[in-house]
Amino acid sequence: MSDPILKVSNLKKYFRVTNGLLKAVDDVSFSMQRGETFGLVGESGCGKSTLGRTIMGLYGANGGQVLFNGKNVHQLKGKNLKHFNREMQMVFQDPYASLNPRMTVGNIISEGIDIHRLYSGVKRRERISELLQTVGLFEEHASRFPHEFSGGQRQRIGIARALAIEPQFIVADEPVSALDVSVQAQVINLFKRLQKEKGLTYLFISHDLAMVKYISDRIGVMYLGALVEVSKASELYRKPLHPYTIALLSAIPIPDPEVERKRERIILEGDVPSPINTPPGCRFFARCPKAMEVCHLNNPTLLQVGEDHYVACHLYK
Ligand code: SF4
């Protein structure tokens, strides 16, 4: 296997709050290969967006490191930092809020082109037009403003903006969750097509396990700041191991009335505990239907249990 494009090791991101320390990302490790899509899933507040932003260097780390193409993201400066900012781009969740309403679509898309001085004059106009066509829009859209577009079209503009400076890696943070279901599939298919055409690598963050399955090669399940299971996507759906993953998957409707009738839904009791001053032991202890005495005392670490399958649970020691 070639060197990973991204290697996250024991990454920690904590926030000091009035009543203690909020451990948004707590000792997370995983790596990604070039051209891969890694789906990061979990309930809202589990730390997945903070993890994405820390990987991008938007937040500093409290421990551990992020290597991108072998370089520590949090130590980059000057030219190297500018180069990194070009190589890793983000597509945001809310296509309504992430586009400046006072700028034309052409100027929104070309912001990165101007910052990095990639094209000017006719070449710049041609590049904007090419980007609009790449994401399924038209040249004449460049002179319009964001409010003139639907949610799906605005997300296409957001994708064109991210592509403008030819990144290698895109962090897509809930990129379709604000869109109508009918539009979600179109945008996901656009992501897939662009990956094929441009060899992009995606960190795809979502709360929707069913949707992530469709686009991901591997999936990491996050709970309360930590990865609790990492596996190839097909294996995770066929043979989930962590009780939290099993519960999440049991909530996905199956498009076969026979099977759907027999589906046993696992309802998790209780709320997600606070990530502030987390107690020792397994983070999932308070809600786990399989909890044992040891779970209360020791926090399980992520261990390999199969080919490319890792789980943090005392049931699999
Ligand atoms: Fe449940 Fe224990 Fe496994 Fe945690 S370690 S998920 S409490 S069985």
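This report describes helix packing and nonpolar cores in a predicted model.

## Helices α3 and α5

Two packed helices are described by the angle between their axes and the distance between the axes. Helix α3 covers residues 105–115 and helix α5 covers residues 151–163; their axes lie 7 Å apart, at an angle of about 30°. Because angles under 35 degrees count as roughly parallel, α3 is roughly parallel to α5. The crossing of these two helices is right-handed.

On the α3 side, the contact is formed by V105, I108 and I109, and on the α5 side by I157, A160 and R161. Five of these residues are nonpolar, none is polar and one is charged.

## Helices α3 and α4

Helix α4 spans residues 121–134, and its axis comes within 10 Å of that of α3, with a crossing of roughly 115°. This angle makes α3 roughly perpendicular to α4. The crossing of α3 and α4 is right-handed.

Residues of α3 in this contact include V105, I109 and I113, while α4 contributes R124, R127, I128, L131 and L132. By class, the contact of α3 with α4 comprises six nonpolar, three polar and three charged residues.

## Nonpolar cores

The largest nonpolar core contains 54 residues. Those with the most contacts inside this core are I109, I157, I159, L163, F191, F204 and I219. Helix α6 (residues 181–198) supplies the largest share of the core, with six residues.

Setting aside residues up to four places away in sequence, F204 touches several residues, among them F38, L40, P175, I188, F191 and I215. Another core, of 28 residues, lies apart from the largest one and includes L6, F68, V73 and M90.

Methods: Residues numbered from 1 in each chain as written. Predicted model: local features only at pLDDT ≥ 70, side-chain atom pairs only at ≥ 80, totals over all residues. Heavy atoms only, no water. Axes fitted to C-alpha atoms, helices over the stretch in contact; angles between N-to-C directions. Helix = DSSP H or I, 4+ residues; strand = E, 2+ residues; numbered from the N terminus. Parallel < 35°, antiparallel > 145°, perpendicular 65-115°, else oblique. Left-handed = near helix turned anticlockwise from the far one by under 90°. Contact = heavy atoms within 4.5 Å. Nonpolar A, V, L, I, M, F, W, Y, C, P; charged D, E, K, R; others polar. Core = buried A, V, L, I, M, F, W, Y, C linked by side-chain atoms within 4.5 Å. Buried < 20%, exposed > 50% of the residue type's maximum accessible area, 1.4 Å probe, protein only.
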